[in-house]
Every structure is written in C-alpha cells, then in structure tokens.
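Subject: Structure handover

Hi,

My notes on what turned up follow below it.

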Amino acid sequence: MVAKPLVPVLAATPRKCRNLMLTLINTNRMQPPIAPLGLDYVAAAVRAAGHDVEFVDLNPCQDAEAVLANRFGRRSPDLVGLTFRNADDCFWPSGESFVPVLERDIAAVHRHTDAPIVLGGVGYSIFPQSLLARTSADFGIWGDGEAATVALLDAIGGKRRWDDVPGLVYRQAGVLQVNPPAWPQPLRVPTERDLVDNEAYFAQGGQIGVETKRGCARRCSYCADPLAKGRQHRLREPSEVAREVAALADRGLDVLHLCDAEFNLPPEHALAVCDALIERRLGDRVRWYAYVAIVPFPDELAQRMRRAGCVGLNFTSDATHPAMLAAYRQPHRREDIAQAVARCRTHGITVMLDLLLGGPGETPETVAATIADVQQMEPDAVGAALGIRIYPGTRMEALVAAEGPLETNRGLRRHDAGPIDLLQPTFYISPALGAHPAQLVRDLIGDDPRFFPPEEDATGPAAAAGDHNYNANRALIDAIAGGARGAYWDILRRIRGRD
C-alpha cells in the first residue's frame, strides 16, 4: 500500500443530521509523527451524536498560522478542540516544554475564529487546572474525551448545564470550576478510526496505536497516568478491540502499539484480549508491542501474547536494588525481572527493560547493582533513563518535598528560573550520584551495546546518538523513512545492531 503524504487539513464527510460543527486540531509536533489516536475516537463519538467534525493536522505544517487562517476563513465552527498529548519530552537534560507551542496555537485560533476552544488529551489531563489558567482557552476536558465532548456540544447548544459536562474545567465569574474527571465505566470506544490519515502516519511513524483499557490501579510513586486516566482499570470489551485491530489490518496497518499503561494488568483481561485476537487469526496478520509490568507475567500469558501477534515488550522494571524498588513502589524483585526476560526468550518475544535511575535514595552502589544485575539477565535492550520527572499529586513529589524546600533541593534539575512550577519540566537526580551522574552511569554501562545510556550532563557535550529520546531523533526518522516498522526502541536497537 502506498501511503498518502500527511496534509494539513482533512475534512470529514458531512452528516445529514448536522447539529453543530466541531473542528479538532492536532497540536503535537513531535517527530517521528505519532497518530492522534484520541482524536479518532472523539470524532466517531461526536459524529454518532449527529454533529459534524473536521480535522486540522498541525504536525506536518511549516506555517500553522496560514493553515488556520485558510481553514477558519471559510467557515467558523461552533467549537474548536485542541489535543495536547505531551506537556514536554519527559527527558533530562533536554527538558523541552511543549506548552509555548500550545499557547501559540491557541492564540492563532483566536485570531481567526470567535469559536470557543476546548483543550484535551493526556498532556492536558495531567495539568487540567494549570494549563487552563495559563492559556486563553475557554474550556478543558480532564479525562476521556468521547462522551465529554458530546456533552460540551450539548451545553453550547443550550441542551445541558456546564456543571453537567463530565471532566469540564471552565471559568465562571473569573474563577476556575472543575467538574469530576471524565473516567466512565464501562468503557466503550468507537472503532471507526476514519478521521486521521493513519496510513500516512504509519508510513512516517512506524506504528499505529490501539487501547485495550484506560486507567491504572498501580501505585508507582512517579507515574502520571492515574492523574490523566484514573486509578482504576477501565476495560474495553476484548471483541471490540479485536474488531478494531482487524479493521486496521485490512487497511495494511499491521504494526501496532498497545497504548495501555501496562497491558498485563489485570492479567485476565490481557488473556481475554489475546484470545479475541487469536480467534480472528490476527496473530498471523499483525505485529504488536506493549508496555508491561514485571508481575504478574505468567508463562501462559507470554505464550498467548506471542500467538496473538506480540513481538516486543517494554517492561517497567525501574531497578533491581530493593531500596530503589521500594522508593518507586514496585511490587517485583530482581528474580521476577530475570524470569520475565527468560519467558520472553522462550516464546520468541523481543524484550526491553526500562530503568529509572537517580530517584530519592539512589547511590553509586545501587546504580551499579542494578546495571550489573540487568547485564546478567541479557535482555535485548535496556533504557537507562537518568532523572525522575516530578508530576504534581504523585508520591514522588511528596518524597522529594520531604527532603526540604524544593527551591533549595540540590537534587532538582530544571531549565527555567524563578519559583518552582511543576508544569515546567522538573526532574530529580539524587545528589549522592555526584556532579556528573550521567558519566557515572555511562562508566558503569561500559561498552555494552544493549544499553541506551543517558546523555552527558547538561554542562557537557551531548551524546544524542546513543540515547533513546525519540523526539526529533534523526536516526529513528531516517530508519522509518527507509521502511523500518515497530516500537521506537526496537527500531533503534536494530539500527545499532547494524553499526
């Protein structure tokens, strides 16, 4: 299949029963481009409610101002929805915030239409009040956007009260009002996937996303996912997931990434999803990757995942030293990680272990122990991320605050001056790792080719060729253009294997 190039504006087919018009805008500029999965889901829900939807994609645009002027010069919608996928690149020492780009996009929309603006997406939902207060957007939706966007359109049309819109953040008499987050149970997601040009994204991005659930019941001290999607697993019907995967495969979109926080939680749901994929014989038609927790990962699940088409897993391993596992609130132990790697080996699944180095209590000894343990396990790839992104409302924020005032904490790393604002990329690296923690980690890794080592410290030369910051990663972009497909860590692993 020859994919069409990404184009700035994709218009949807009008519905005869049109009520209101919604314009959805993708603000994510990250490269390689990642298809805005949430907008596909929201658009289908809004259409099913009888409204019209159109799409403006700013990802490939060189001149967003011109694109928006052209779009809104022809017709003004009733509501403009901007998705905000990432607040920043979550990577120290680059620490690139995407908030300034969002502010410019909002200002540009305001210049060309009087329609109200609503913000949504995971990046927004982590900071729902802060982002609405900082920007000139009119509304925000904290949580799932499908039913909430329909309810907001009803409110704009006079059919519903503002305080009856799930997850709505809005201003009333100059004061921010925050409705309870939109985390519906049961979770039902439209499967049409016909708003976004997913074929073009597949050609330039290497994979297409699918969700089997939302929310996470784990209590990892650093994780922002529960802030955006809730602290309970909200499960999709496995047959619905399989139907969506089959439809994507029919369009030639046969390399997928399951976007769940941890695919194997709860394990019975993961097994049911695998069974639904196997029943449709999709294991022979698609290759997919997933994020997974170390436990539980029984042999039966590994076997069934492989039969269902799974080819690669990224494990949330974090560390092997007991002190650091406790700091991160991880229930697994070193032996569990080794067993998970061994099971992937048995069933022919490529395995990546993601480490989080530098958290509260980290020392050169704990780092050395984790790296040595992981080297003995022999995974296919290891991400050695240095620096913990601190999100408001997490246990990690409390752990760091317990060390004393954030303004004087020697472990805090950030690029902006002034008062601490966790909306800005703010990281923690244990002061016990010394003045050059990245060099310490790189020395411990040595020349082990399986590791993606951290970049040099901000005061030293960058080593971007070796890290796995996916944003604007030239080697990754070129590999995808050359035909590589799969999870980004796996593509980079294969590139390095050829070096």
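A residue counts as buried under 20% relative accessible area, exposed over 50%, and partly exposed in between (1.4 Å probe, protein chains only). This is a predicted model, so local features need pLDDT of at least 70 and side-chain atom pairs count only at pLDDT 80 or more, while totals for chains, interfaces and linings use all residues. Residues are numbered from 1 along each chain as its sequence is written, and side-chain values use heavy atoms, with hydrogens and water left out.

Salt bridges

A salt bridge here is a side-chain nitrogen of Lys or Arg within 4 Å of a carboxyl oxygen of Asp or Glu. The whole structure has 32 of them.

- R111 and E65: the closest N and O atoms are 2.6 Å apart. R111 sits in helix 3 (residues 99-112) and E65 in helix 2 (residues 64-74), so this pair links distant parts of the chain, 46 residues apart. Helices are DSSP runs of H or I with at least four residues, strands are E runs of at least two, and both are numbered from the N terminus. R111 is exposed at 53%. E65 is partly exposed at 29%.
- D163 and R161: the N to O distance is 2.6 Å. D163 is partly exposed at 41%, and R161 is exposed at 57%.
- R493 and D490: the N to O distance is 2.8 Å. Both lie in helix 18 (residues 488-498), three residues apart, which puts about one helical turn between them. D490 is buried at 4%. R493 is partly exposed at 26%.

There is also a network. Salt bridges link D144, E146, E211, R214, D225, K229 and R234. K229 belongs to helix 8 (residues 225-229). K229 is buried, with 14% relative accessibility. Contact means heavy atoms within 4.5 Å. Leaving out residues up to four places away in sequence, K229 touches V122, W183, E211, R214, G215, R234 and C259.

Nonpolar cores

A nonpolar core is a set of buried Ala, Val, Leu, Ile, Met, Phe, Trp, Tyr and Cys residues joined through side-chain atoms within 4.5 Å. The largest one has 101 residues. F263, W288, F297, M305, L313 and F315 have the most contacts inside it. Helix 10 (residues 267-279) gives the largest share, seven residues. A second, separate core has 35 residues, including V67, V80, L119 and Y391.

F315 has contacts with V292, A293, I294, F297, A340, C344, V351, M352, L353 and D354, again not counting residues up to four places away in sequence.

Helix 11 (residues 299-307) buries L301, A302, R304 and M305. Its buried residues pack against helix 10, strand 13 (287-293), strand 14 (310-318) and helix 13 (334-347). Just after helix 11, G309 has a positive phi of about 115°.

Which residues of helix 17 (residues 474-481) are buried? They are L476, I477, A479 and I480. Seen down the axis, these fall within an arc of 165°, so they line one face of helix 17. The arc is that of the directions from the helix axis to the C-beta atoms. The face turned away from the buried side of helix 17 carries the exposed residues R474 and A481. After helix 17 comes G483, with a positive phi near 110°.

Best wishes
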